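Please look over the sequence and the structure below.

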Amino acid sequence: MGKYINPYTDFGFKKLLEQAEIARLTDDERRDYEESVKVYRDLFGVMSTAERKGVEKGLEQGRAEEKKDIARKMKAMGVDINVISQATGLTPEEIENLE
């Protein structure tokens with residue numbers, strides 16, 4: 001039984017067909033296409049960077065809150081403020097102001 005080859009998914013034909021479509025464009029159409037690809041890549045890069053920075057900022061905020069939570073618990077247990085400061089990296093003033 002013969003095998004049907006789908007030119008859009010098999011053996012890299014999809015990429016070849018895309019390149020053939022681009023090769024058929026007029027000079028103006030090709031410039032417009034290349035500009036649209038450039039804009040897409042620029043936007044993708046900006047969004048990727050923004051997402052990565054947002055995640056990093058969220059992680060930092062989460063770690064800071066976790067340190068405060070640990071300090072609150074240690075303070076409630078009666079642990080010396082200097083020990084809490086050494087364990088969490090918070091200043092004694094920050095620990096005293098925790099509720």
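Which backbone nitrogen does the side chain of Thr 88 reach? The side chain of Thr 88 reaches the backbone nitrogen of Leu 90, at 3.2 Å. This is a polar contact, meaning a pair of N or O atoms within 3.5 Å; within protein, one must be able to donate a hydrogen and the other to accept it, and residues adjacent in sequence count only if both atoms are side-chain atoms.

The model is a predicted one: local features need pLDDT of at least 70, side-chain atom pairs count only at pLDDT 80 or more, and totals for chains, interfaces and linings use all residues. Residues are numbered from 1 along each chain as its sequence is written, and side-chain values use heavy atoms, with hydrogens and water left out.

The protein has 4 helices and 0 strands, and its elements run α-α-α-α from the N terminus on. Helices (H or I, at least four residues) and strands (E, at least two) are DSSP runs, numbered from the N terminus. Of the 99 residues, 10% count as buried. Buried means under 20% relative accessible area, exposed means over 50%, and partly exposed is in between (1.4 Å probe, protein chains only). The protein exposes about 8,600 Å², of which carbon and sulfur atoms supply 56%. Accessible areas come from the Shrake-Rupley method with a 1.4 Å probe; for residues, only the protein chains shown count as cover. A contact means heavy atoms within 4.5 Å. Among contacts between residues at least 6 apart in sequence, 12% join residues at least 24 apart.

Helix α1 comprises residues 13-23, and Leu 17 lies in it. Leu 17 is partly exposed, because its relative accessible area is 36%. Together with Phe 13 and Leu 16, Leu 17 forms a nonpolar patch on the surface, with about 250 Å² of accessible area for the three together. Patches are made of residues with over 30% relative accessible area and no salt bridge; like charges are joined within 9 Å, and nonpolar side chains (Val, Leu, Ile, Met, Phe, Trp, Tyr) within 5 Å.

Next comes helix α2, which has 50 residues (residues 27-76). How far apart are its end C-alpha atoms? They are 73 Å apart, which agrees with the 74 Å that the helix should span at 1.5 Å a residue. The expected span is 1.5 Å times one less than the number of residues. The buried residues of α2 are Val 37, Ala 71 and Met 74, and they pack against α3 (81-88) and α4 (92-96). After α2 comes Gly 78, with a positive phi near 85 degrees.

A search of the whole structure finds 5 salt bridges. A salt bridge is a side-chain nitrogen of Lys or Arg within 4 Å of a carboxyl oxygen of Asp or Glu. Side chains of opposite charge can pair when their charged atoms come close. One of the salt bridges joins Asp 27 and Arg 30, with the closest N and O atoms 3.5 Å apart. Asp 27 and Arg 30 are 3 residues apart in α2, so about one helical turn separates them. Asp 27 counts as exposed because its relative accessibility is 53%, whereas Arg 30 is partly exposed at 24%. Another salt bridge joins Asp 28 and Arg 31, at 2.3 Å from N to O. These two are also 3 residues apart in α2, about one helical turn. Asp 28 is partly exposed, with a relative accessible area of 49%. Further along, Asp 42 and Lys 38 meet in a salt bridge at 3.1 Å, N to O. They are 4 residues apart in α2, again about one helical turn. Asp 42 is partly exposed at 42%, and Lys 38 is partly exposed at 45%. An α-helix has 3.6 residues a turn, so residues three or four places apart point the same way.

Helix α3 holds both Ser 85 and Thr 88. Is Thr 88 buried or exposed? Thr 88 counts as buried because its relative accessibility is 5%. Leaving aside neighbours within four places in sequence, Thr 88 is in contact with Lys 67, Ile 70, Ala 71 and Ile 95. Ser 85 is buried too, with a relative accessible area of 17%. The side chain of Ser 85 reaches the backbone oxygen of Leu 90 at 2.6 Å. Not counting residues up to four places away in sequence, Ser 85 touches Leu 90, Thr 91, Pro 92 and Ile 95.
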